[in-house]
Amino acid sequence: MRCQPDHEVPIKRDKRWEPPLLNMANPLRSEVIALYKHLLYLGRDYPKGATYFKERLKHSFMKNKDETDPEKIRTLVKRGDFVIKELEALYFLRKYRTMKHRYYDEHKK
């Protein structure tokens with residue numbers, strides 16, 4: 001037979017515990033991590049070398065690691081997206097120049 005208490009124990013449901021800094025910035029956190037991974041991937045072909053790019057990337061992300069303002073984080077993510085577009089343009093231009101040099105020799109006329 002089960003023992004039942006004479007009185008009911010009140011359950012506290014007023015406020016849940018939330019980890020610090022994850023309550024408001026949680027959706028932005030995944031964007032920042034995805035941005036970092038994408039930049040890290042693009043940095044493999046950087047002209048000055050992958051280690052140079054990786055060090056600079058880590059330094060720039062660590063500089064803003066304590067940022068908690070969502071608007072400031074969104075601004076930084078937009079800047080990162082701009083850097084992605086610039087890197088892609090750089091790689092495309094390098095590929096174009098290589099193809100032009102390979103197939104269109106300017107010295108032969």
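Buried means under 20% relative accessible area, exposed over 50%, and partly exposed in between (1.4 Å probe, protein chains only). The model is predicted: local features need pLDDT of at least 70 and side-chain atom pairs count only at pLDDT 80 or more, while totals for chains, interfaces and linings use all residues. Residues are numbered from 1 along each chain as its sequence is written, and side-chain values use heavy atoms, with hydrogens and water left out.

**Figure 1. Overview of the helical elements in the chain.** The chain holds 3 helices and 0 strands, where helices (H or I, at least four residues) and strands (E, at least two) are DSSP runs numbered from the N terminus. From the N terminus on, the order of elements is α-α-α. Of the 109 residues in the chain, 15% are buried. Among contacts (heavy atoms within 4.5 Å) with a separation of 6 or more, residues 24 or more positions apart account for 67%. The accessible surface, about 10,700 Å², belongs for 55% to carbon and sulfur atoms; accessible areas come from the Shrake-Rupley method with a 1.4 Å probe, and for residues only the protein chains shown count as cover.

Figure 2. Helix α1 comprises 17 residues (residues 26-42), which should span 24 Å at 1.5 Å a residue; the end C-alpha atoms of α1 are 25 Å apart, which agrees. The expected span is 1.5 Å times one less than the number of residues in a helix. Leu 28, Leu 35, Leu 39 and Leu 42 of α1 are buried. They cover an arc of only 60° around the axis, so they lie on the same side of α1; the arc is that of the directions from the helix axis to the C-beta atoms. On the face turned away from this buried side, α1 carries the exposed residues Lys 37 and Tyr 41. The cover over the buried residues of α1 includes α2 (50-63) and α3 (70-103).

**Figure 3. Helix α3 and its buried residues.** The 34 residues of α3 should span 50 Å at 1.5 Å a residue, and the end C-alpha atoms of α3 are 49 Å apart, which agrees. Buried in α3 are Pro 70, Ile 73, Leu 76, Val 77, Gly 80, Ile 84, Leu 87 and Tyr 91. Their cover includes α1 and α2.

**Figure 4. The salt bridge between Arg 74 and Glu 71**. A salt bridge is a side-chain nitrogen of Lys or Arg within 4 Å of a carboxyl oxygen of Asp or Glu; by this rule the count comes to 1. The closest N and O atoms of Arg 74 and Glu 71 are 3.0 Å apart. The two residues are 3 apart in helix α3, so about one helical turn separates Arg 74 from Glu 71. Arg 74 is partly exposed, with a relative accessible area of 37%.

**Figure 5. Asn 26 in helix α1**. Asn 26 counts as partly exposed, at 43% relative accessibility. Asn 26 and Pro 70 are 44 residues apart along the chain, and their C-alpha atoms are separated by 9.9 Å.
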